[in-house]
Amino acid sequence: MSIQKIKELSLIIQVYRGSRYFKECLESVKANIFLFNTIYISINKSDISDEDFKTALCFKEQIKQADINSKIEIVIFIQNQTLTAINHGKVFYKNILKLDKASRFFMILCDDDILLPSFADNISSILCDLSENEILNPARSYYHERFTEKNYMGSYYGLLSYPELKTTKEDFAAKGLDCYHETNITGLVFPKKVLQEFYRVLPFFSYGYRAEYIMMFVPCIKYVKCSSVSLVGIRQHMQQQGAQHIEKARVADEQLYLFYMWYVTRNDAFKKRIQKDISFFEKNPRKFLRILYLHFTCFRLTKSVQCLLYTVYKIPTMFFYRACKKTKKTYKISNC
């Protein structure tokens with residue numbers, strides 16, 4: 001295995017009020033620094049953003065002094081205003097796509113999570129087998145507050161039931177339609193094309209719920225893969241952004257996810273599976289306009305003419321059917 005092959009991977013860390021969690025995150029990255037081409041860090045404005053910026057600068061200086069490999073880059077962005085998670089991602093990913101020239105794969109690591117010791121032992125062979133139409137959704141271990149044996153909560157091995165730790169994106173998504181989300185955006189490893197396609201969807205999120213699922217469902221991806229061991233340690237705590245529950249935003253993002261999948265997939269069976277969740281007619285004008293907006297948005301993102309034509313046919317048909325039904329009912333009443 002050549003070092004060049006390993007170093008096609010770059011790391012993305014989006015920071016908001018990282019504090020000691022962020023320090024522990026970077027300590028784990030430092031132990032694996034030789035595996036990365038570039039480390040991209042973006043620090044959102046907060047009451048402790050200066051502290052987080054100093055932590056990032058200290059990390060950069062430590063890597064520089066260690067002189068592990070002069071080709072390893074640490075790129076740090078700092079935002080001058082507090083951005084929502086989605087707006088922060090938009091600014092951050094735009095900068096990455098503009099600057100990055102050498103990376104073939106990217107990995108996302110949340111600022112309160114860590115790379116486990118098993119990461120270095122497994123990532124190189126995984127990258128060798130990861131193609132441009134696959135995304136790695138690795139096994140992860142969960143901890144309460146601190147990464148200690150005492151606080152260990154369990155692991156996510158959601159794909160171990162699949163042959164060769166691999167499944168189609170439709171099969172993976174189908175398992176998560178009727179239950180609580182079983183994955184996390186931290187730890188995802190994906191080709192550069194995924195970041196480009198996901199960046200186009202970002203502006204249409206209300207908050208970011210289901211973001212990792214949409215990242216696994218972008219048009220260039222066909223398969224979702226897993227690892228046989230946990231590669232990332234996830235810390236669960238009340239201060240994390242993902243712990244927030246905003247019901248209105250969750251419903252809106254869930255709708256976006258369903259419509260997006262319906263437009264992207266070429267699997268007829270899966271399309272029929274989710275079609276019952278895609279409403280084509282609503283009596284409430286606001287809901288109906290929302291549906292039209294989602295169709296228009298997903299068509300812009302996917303350019304799926306077939307889906308759009310179906311929609312153009314279906315909505316007037318539903319109007320006509322309901323109008324006929326109402327007229328028939330009115331006629332019966334008038335003749336009574």
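Which residues of α9 meet which residues of α11? Let's start there, with one reminder before the answer. This is a predicted model, where local features need pLDDT of at least 70, side-chain atom pairs count only at pLDDT 80 or more, and totals for chains, interfaces and linings use all residues. Residues are numbered from 1 along each chain as its sequence is written, and side-chain values use heavy atoms, with hydrogens and water left out.

Okay, the answer. From α9 we have Ala252, Gln255, Leu256, Phe259, Tyr260, Trp262, Tyr263 and Val264. They meet Arg290, Ile291, Leu294, His295, Cys298, Phe299, Leu301 and Thr302 in α11. Contact here means heavy atoms within 4.5 Å. Helices are DSSP runs of H or I with at least four residues, strands are runs of E with at least two, and both are numbered from the N terminus.

How do these two helices cross? The axes of α9 (residues 247–264) and α11 (residues 285–302) come within 9 Å and cross at roughly 50°. That makes α9 oblique to α11. Axes are lines fitted to C-alpha atoms, for helices over the stretch in contact, with angles from 0 to 180 degrees between N-to-C directions. On that scale, under 35 degrees is roughly parallel, over 145 roughly antiparallel, 65 to 115 roughly perpendicular, and the rest oblique. The crossing is right-handed, so the near helix is turned clockwise from the far one by less than a right angle.

Now another pair. Helix α2 (residues 19–30) packs with helix α3 (residues 49–66) at about 15°, their axes 10 Å apart. These two are therefore roughly parallel to each other. On the α2 side, the contact is made by Ser19, Phe22, Lys23, Leu26, Glu27, Val29 and Lys30. The α3 side brings Glu51, Asp52, Thr55, Ala56, Phe59, Gln62 and Ile63. This crossing is right-handed.

Next, α10, which covers residues 268–275. Phe270, Lys271 and Ile274 are buried there. Seen down the helix axis, the buried residues of α10 fall within an arc of 105°, so they line one face; the arc is that of the directions from the axis to the C-beta atoms. Here's the handy bit of background: an α-helix has 3.6 residues a turn, so residues three or four places apart point the same way. On the other side of α10, Asp268, Ala269 and Lys272 are exposed. Buried means under 20% relative accessible area, exposed over 50%, and partly exposed in between, with a 1.4 Å probe and protein chains only.

What caps the N-terminal end of α10? That's Asn267, with a side-chain oxygen 3.0 Å from the backbone nitrogen of Ala269.

On to Thr168, in strand β9 (residues 166–168). Thr168 counts as partly exposed, at 27% relative accessibility. Leaving aside neighbours within four places in sequence, Thr168 is in contact with Lys222 and Tyr223. Lys222 is 54 residues away along the chain, yet the two C-alpha atoms are separated by 5.9 Å.

Arg17 has a positive phi, near 55°, without being a glycine, and sits in the loop between β1 (9–15) and α2. Glu164 also has a positive phi, about 55°, in the loop between β8 (152–156) and β9. At 74% relative accessibility, Glu164 counts as exposed.

Last, the whole chain. There are 12 helices and 12 strands, and 50% of the 336 residues count as buried.

Key: Polar contact = N/O pair within 3.5 Å; in protein donor to acceptor, adjacent residues only side chain to side chain.
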